[in-house]
Amino acid sequence: MVGSVLPGRPGNLTPDQEAKLQELWTATLRVFGVLAPNKPEDAEGLQSTSGTATSEPKVTKKKQSMFRRQKDEDDSKTATDKDDKYGQSKAFQQVLATQNPENLRKAFWSMVKHDHPDGLLLRFLRARKWDVHNALVMLIATMNWRMQEVHVDDDIMKKGEAQAMQDTSNSNATIKKEGHDFLAQLKLGKSFLHGTDKEGRPMCFVRVRLHRQGEQSETSLERYTVYTIETARLLLASHVDTAAIVFDMTGFSMANMDYAPVKFMIKCFEANYPESLGVVLVHKSPWIFHSIWNIIKGWLDPVVAKKVHFTKNIEELEQFIEKSHIIKELGGDDPWEYSYVEPKADENQTMSDETTTNQLLEERAKVVKEYESTTQAWISDAQNSKTLQQKRNDLAERLRAGYWQLDPYVRARSLYDRTGMIRGSEGGVIQYYGKPETPKGPKPLIASPQHGLVATESRADDVD
């Protein structure tokens with residue numbers, strides 16, 4: 001249906017799905033220390049209820065493993081070692097044993113950014129087939145990954161391109177190389193964000209021919225990958241919450257093949273950015289890629305693999321992208337060309353304004369606290385759930401608007417800020433073409449040169 005909210009998203013949940021969301025919120029708030037666990041074994045895992053939501057999800061003490069749960073008194077497993085290919089169960093156990101709950105809470109709300117908090121939790125629920133315990137394991141492991149392993153918000157996004165530029169002049173050879181390698185990928189345009197497909201999903205183009213194994217360090221490749229994904233998250237909205245990736249295989253040869261960054265990218269999307277991919281288009285792949293694809297496909301979750309489509313020509317690409325939105329480089333009518341604009345000397349000066357930064361963070365913390373308390377009321381007071389849900393939605397909108405006020409104080413400017421595609425000062429407006437696209441509103445809209453702003457239909461790729 002045109003303009004409809006996709007299933008499993010805020011505003012389009014079945015009663016059972018809403019119950020699962022309430023269970024996950026209860027479990028999450030316990031891990032964050034907002035709610036105290038009722039029993040010692042609460043930290044060991046949840047046993048999902050099969051019916052209506054309650055304010056106190058049932059818990060059970062694990063007899064075989066804290067990451068395997070019994071269901072209907074049988075031995076069926078929902079989180080076996082085979083299923084947990086990224087070791088998130090082990091990470092979850094380590095996090096509960098070693099991490100301060102408040103730090104996890106801060107990592108979560110930092111990840112929320114302009115997203116609806118429900119929308120973020122629902123990504124993990126959909127990725128884990130609505131199993132609350134498995135979704136919690138994935139969520140907490142992701143918070144630890146962001147906070148302890150890659151330092152998404154306090155390093156990669158906070159320092160950004162400007163720091164990399166400074167690092168190229170560092171006397172330390174290692175730091176200098178990492179800065180150079182990171183910027184080299186941006187200057188090449190190895191990948192870039194531009195435009196929308198037919199469903200309004202922001203597109204990331206990857207020009208595979210520009211990558212050669214060994215030209216950049218593994219660290220810089222991974223940093224660049226996370227930086228690109230995290231920047232792309234800023235282009236998503238409640239009505240368009242997945243992205244499209246176009247792998248341009250024009251001119252591909254074996255010299256361009258590098259399995260390590262491919263594996264890292266897959267891990268990012270499957271383990272740490274769940275339900276963020278709408279479609280993956282592999283365009284003009286040569287015959288030598290077919291055997292490589294068979295290897296890569298074996299690494300993919302079946303749900304992700306089904307989102308991959310091969311296109312051989314412009315006509316097949318037009319099945320997913322309007323020709324007016326296909327860049328001329330790929331045979332389309334969009335005259336846009338990638339060009340890297342280097343950081344300006346003073347573009348991040350607001351980040352040194354500690355007074356304003358702290359003021360905005362304090363204001364956001366108050367809204368977060370109110371959202372958490374309202375969520376607890378929403379879970380426990382079934383009679384007033386609709387009223388409380390509306391209040392939660394209003395608070396989510398305040399968080400969204402507040403984030404864009406905070407953004408220039410906590411995130412270094414990117415290429416897409418400098419070129420005017422991301423317009424944080426206008427409340428997060430995204431402008432790809434002649435007319436701006438706004439993240440507000442319930443209907444997915446795309447800017448069409450022929451018809452202005454038009455609503456889009458949902459694709460099966462976005463519905464898992």
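## The largest pocket

The lining of the largest pocket is made up of 13 nonpolar, three polar and 11 charged residues, where Ala, Val, Leu, Ile, Met, Phe, Trp, Tyr, Cys and Pro count as nonpolar, Asp, Glu, Lys and Arg as charged, and the others, Gly among them, as polar. The model is a predicted one, in which local features need pLDDT of at least 70 and side-chain atom pairs count only at pLDDT 80 or more, while totals for chains, interfaces and linings use all residues. Residues are numbered from 1 along each chain as its sequence is written, and side-chain values use heavy atoms, with hydrogens and water left out.

Among the 27 lining residues, Lys106, Ser110, Asp153, Leu361 and Val410 lie nearest the centre of the largest pocket. A pocket is an open set of points on a 1 Å grid over the protein atoms alone, where a 1.4 Å probe fits, with protein on both sides within 12 Å along at least five of seven lines, and lining residues have an atom within 4 Å of a point. Helix α3 gives the most to this lining, with seven residues; helices are DSSP runs of H or I with at least four residues, and strands are runs of E with at least two, numbered from the N terminus.

## Gln216

Gln216 lies in the loop between β2 and α8, and Gln216 counts as buried (under 20% relative accessible area, with a 1.4 Å probe and protein chains only).

| Feature of Gln216 | Value |
|---|---|
| Relative accessibility | 8% |
| Side-chain polar contact with the side chain of Lys190 | 2.7 Å |

A polar contact is a pair of N or O atoms within 3.5 Å, of which, within protein, one must be able to donate a hydrogen and the other to accept it, and residues adjacent in sequence count only if both atoms are side-chain atoms.

Methods. Buried means under 20% relative accessible area, exposed over 50%, partly exposed in between (1.4 Å probe, protein chains only).
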